[in-house]
Amino acid sequence: MTSQIQDLLATDQDLVLMQEGTMMRKVRTKSWKKLRYFRLQDDGMTVWHGRQPESIPKPTFSISDVERIRKGQDSELLRYLVEEFPLEQGFTIVFHGRRPNLDLVANSVEEAQIWMRGLQLLVDLVASMDHQEQLDQMLNEWFQEADINQDGRMSFGEAQRLLLLMNVEMDEEYAFSLFQAADVTQSDTLGLEEFVQFYKALTKRTEIEELFDNFSSDKQKLTLLEFVDFLREEQKEDNHAPDLALELIDRYEPSENGRLLHVLSKEGFLSYLCSADGNIFNPDCLPLYQDMTQPLSHYYINSSHNTYLLGDQLCSQSSVEGYIRALKRGCRCVEVDTWDGPDGEPIVYHGHTLTSRILFKDVLATLAQYAFQSSDYPLILSLDNHCSWEQQKTMAHHLTEILGEWLLSTTLEGQLIDILPSPEQLRGKILVKGKKLRTIEVDKEEEEELEKDLDLASPESDTQPQPESQEQASGNKKKKKKVVKCPMPCLLNCGHVLAQAPNSIPESIRLSKQFLLQSSTTILCPDLSSLVVYLRTVPFCSFTHSKENYHIYDISSFSEFKAKNLIKEAGNEFVQHNARQLCRVYPSGMRTDSSNFNPQEHWNVGCQMVAMNMQTAGSAMDIYDGLFRQNGGSGYVLKPEFLRDTQSSFNPQRPISLYKAKILVVQVISGQRLPKVDKTQETSVVDPLVKVELSGVPEDTMEYETSCVENNGINPYWGETFYFRIQVPELAMLRFVVKDYSRKSRNKFIGQYSLPWTCMKQGYRHVSLLSKDGTSLHPASIFVYTCMQEDLDMDEP
């Protein structure tokens, strides 16, 4: 363990008491509540538990797995049990990814405070560690685990056992030679510092040394000019290579003298390649970097389906935790299915199933707390309303009272109604997406008043403007724009401005009037209807019907199969539709297991809200998270220009290349410190292989796979090169998957990483691997080389 953790374990009173252990009640459900003995281990990094202090303990969690500690008052489960346990004695351990929370109840408020303070201290300490400190911590843990007799020295037998724990099976003679080389005291054992040298020899990066030697004239250092050559030729940093070289030397060269002389040592070169600057994901794409002032329909929007569910669609738990997790992932469109509940309170659940129920007002309270923690761009509340008139009134009351000023209840001041507002304009606002009241009948007085308003807004029939020449019309176009008070309060609840050229006003009024006078069978409460401003849900008939009858604020939803059929039948019309207005695609009702469909084909036609079952890990969610990793994790990603044009000719089924197709070259070189698939099997070592997948328009979609490397998870080498022909790179997503090869069964997942082609850095890069849940597997990575080449129209590039 690091010296900082050692000091804390010895001096911090909370951690001292946690190492002694505490009996606490572990709460899984309203009925499952059992006493268990919890103890912080001596390494300060793991917590174990058992039935009693004297029973055999088993590992519960690692501090690095913990995201945060919540008070009992913030636990949905513990609030249900408030009559049994005081909330002040409870707390919740929240883990990264999709791992369920751990709710604990201590025997006293003081004991709960000890564990809450102590755990949060350790979580904050781990979060503050840099990569070198994390490596030091890992090596300390390995050394302590290998030192069975706890004498502070490691024998060769203990080292052999450790190699298996480190996920490598090595020739005994070679391993012994490395062991002897590190044994500077010649005691046939290794101390901690000697073990560190042994580890460095095990993980020596010969492929990087060869790369360094290719550019270094003396094989000892890279001069500034040599490093500039490397950045230009291999890393494709053409424009600013000299300035970048100086920055990187100052940042990664460990020697002060080297920094003064502007040279880079082998150690500094390795540090650069293993850093964020050497990562395959372009660091320029991580912060908010896109234009956020375009209409909402111009963005992909991170969206969730049945957000309240933690499991399957039939029997699983509904929980506000589903909303918290989705929002933490950057989700900007959550779904709420509301039904009549007891005591006049609307409830949320998957109707006509055995899923549990939660209160609508609890969902809103959660949104009020978490809506803008990960992103301050607009949050869309997709409302699927099945409530009675009275409970709809209750919903409207809760929406306005709980969400307060965050709720958008009127159109933006000065906003034209012929264009959707932008994410920037709606920053910090929650928008309701749902049905909007259509007037069943208009009594005579209201109809006359409406006609009067319409007449005032219309040009007089006997004063129609005389025809102009084309030149005059062009010159007077801006002058002729007229600002007219919007006469359609029932449509947009606004009373704001409509900018139209005079000749277009009668048509606008005709369509608006037609809309107002249409009848509807929907029994909708006006209080709730009025809260739907920019996102009115409407049924889809055809693209022609939508274009001729629907407003830009109208949004239709499609099942995945309906959308797939439309893509095949009318791909270009779908593109134009999505450039003009929003649409939402949701999983098929047949996916009762909460599995996911591939979002890529729907992104290809510009579908903005591709709603996913975010509780379910898999390749679809990997790609989804990969797209939304960019742009500050805002949940909004600007679509390519050809998907934002209402006159676009693009069709993903038959893409007419915007420019000549190119070849993406991907060389999978090596892997580093891959995790075990089964950590309970001490002697089990992985046989890793890498699959490289490219998704995009149908003709760009393909995948390749390396051969496997037997018994080596610590530094496998592949050195295999693949070629991908890309027609539409703006839509391409790249996914790397590392698997453990099995001759008898399916290959087992080790780690993955997905990213858009637009965010990919060329050259020699490390790919930081993520778990199934999308959490970091640091320090696990693979080392690759990528570049773009011209397509020579060869059958085999």
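**Ring pairs, a buried loop residue and a helix crossing**

Me: In which loop is Gln235 found, and is Gln235 buried or exposed?
Reply: Gln235 is found in the loop between α10 (224-233) and α11, where helices (H or I, at least four residues) and strands (E, at least two) are DSSP runs numbered from the N terminus. This is a predicted model, in which local features need pLDDT of at least 70 and side-chain atom pairs count only at pLDDT 80 or more, while totals for chains, interfaces and linings use all residues. Residues are numbered from 1 along each chain as its sequence is written, and side-chain values use heavy atoms, with hydrogens and water left out. Buried means under 20% relative accessible area, exposed over 50% and partly exposed in between (1.4 Å probe, protein chains only), so with a relative accessible area of 1% Gln235 is buried.

Me: How is the pair of Tyr252 and Tyr272 classed?
Reply: Rings of Phe, Tyr and Trp (its six-membered ring) pair if their centres lie within 6.5 Å, and planes under 30 degrees apart count as stacked, over 60 as edge-to-face and the rest as tilted. The structure holds 31 aromatic pairs. For Tyr252 and Tyr272 the centres are 6.3 Å apart and the planes stand at 50 degrees, so the pair is tilted.

Me: How many residues apart are Tyr252 and Tyr272?
Reply: Both Tyr252 and Tyr272 are buried. Tyr252 lies in helix α11 (residues 241-252) and Tyr272 in helix α13 (residues 266-273), and their pair links distant parts of the chain, 20 residues apart.

Me: Is Tyr704 buried, partly exposed or exposed?
Reply: Tyr704 in strand β28 (residues 702-705) pairs with Phe724 in strand β29 (residues 717-726), and this aromatic pair is edge-to-face, at 5.0 Å centre to centre with 75 degrees between the planes. Phe724 has 0% relative accessibility and therefore counts as buried. Tyr704 has 33% relative accessibility, so Tyr704 counts as partly exposed.
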